[in-house]
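Q: Before we go through the model together, could you show me how each kind of feature should be read, beginning with the exposure of a residue?

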Amino acid sequence: MKVKAVFFDMDDTLVLTSKHDVTAYTAVAALVQSSEGCGGADAKLVVESFKKLFAVDPWDKSGKVEVNEWRGGLWAKALMEQGVSESVGKEVCLLDVSD
């Protein structure tokens with residue numbers, strides 16, 4: 001059987017990915033709260049900052065950075081906006097929270 005079509009659902013119309021976004025935001029918030037390196041950063045503000053960054057640049061428009069790495073960088077920036085060091089922000093973003 002040959003592939004006859006590929007659908008890209010970028011706006012949550014075919015597959016409801018927003019439900020999974022909430023799960024991810026909750027997991028990251030818990031991670032921020034439990035990580036000593038985050039120094040008491042406000043988890044809610046980290047998530048809100050990520051959402052703003054993501055709304056502007058959800059992926060690397062030049063196509064040079066893989067999407068997971070790009071979005072990890074957005075999380076790191078959101079953490080840094082709350083005073084978390086760049087090295088800790090990157091370390092937290094590399095952790096696998098998918099269980």
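This is a predicted model: local features need pLDDT of at least 70, side-chain atom pairs count only at pLDDT 80 or more; totals for chains, interfaces and linings use all residues.

A: Exposure is read from relative accessible area, where buried means under 20%, exposed means over 50%, and partly exposed lies in between, with a 1.4 Å probe and protein chains only. Residues are numbered from 1 along each chain as its sequence is written, and side-chain values use heavy atoms, with hydrogens and water left out.

Q: How should I read a salt bridge, and how many does a search of the whole structure find?

A: Side chains of opposite charge can pair when their charged atoms come close. The criterion here is a side-chain nitrogen of Lys or Arg within 4 Å of a carboxyl oxygen of Asp or Glu, and the search of the whole structure finds two such bridges. In one, Lys61 pairs with Asp57, the closest N and O atoms being 2.4 Å apart; Asp57 is partly exposed, with a relative accessible area of 28%. In the other, Lys51 pairs with Glu48, with the closest N and O atoms 3.6 Å apart. Both Lys51 and Glu48 lie in helix H2, three residues apart, which is about one turn of the helix, and they count as partly exposed, Lys51 at 32% relative accessibility and Glu48 at 33%.

Q: Which aromatic rings are linked into a cluster, and by what rule are rings paired?

A: Rings of Phe, Tyr and Trp (its six-membered ring) pair if their centres lie within 6.5 Å, and planes under 30 degrees apart count as stacked, over 60 as edge-to-face and the rest as tilted. By this rule there are four aromatic pairs. The rings of Phe50 and Trp75 have their centres 3.9 Å apart and their planes at 0°, so this pair is stacked. It links distant parts of the chain, since Phe50 is in helix H2 (residues 43–56) and Trp75 is in helix H3 (residues 67–81), 25 residues apart. Both count as buried, Phe50 at 6% relative accessibility and Trp75 at 13%. Ring pairs join Tyr25, Phe50, Phe54 and Trp75 into a cluster.

Q: Which residues touch the most other members of the largest nonpolar core?

A: In soluble globular proteins, nonpolar side chains tend to be buried together. A nonpolar core is a set of buried Ala, Val, Leu, Ile, Met, Phe, Trp, Tyr and Cys residues joined through side-chain atoms within 4.5 Å. Of the 16 residues in the largest such core, Val32, Val46 and Trp75 touch the most other members. Helix H1 (18–34), H2 and H3 each supply at least two residues of this core.

Q: Which residues does Val46 touch, and which does Ala41 touch?

A: Contact means heavy atoms within 4.5 Å. Not counting residues up to four places away in sequence, Val46 touches Val32, Ala41, Trp75, Ala78, Leu79 and Gln82, while Ala41 touches Val32, Val46, Gln82 and Val84. Ala41 is found in the loop between H1 and H2 and is buried, with a relative accessible area of 10%.

Q: Is Ser49 buried or exposed, and where is it found?

A: Ser49 is found in helix H2 and is buried, with a relative accessible area of 7%. With residues up to four places away in sequence not counted, Ser49 touches Ala78 and Glu81.

Definitions and conventions. Helices (H or I, at least four residues) and strands (E, at least two) are DSSP runs, numbered from the N terminus.
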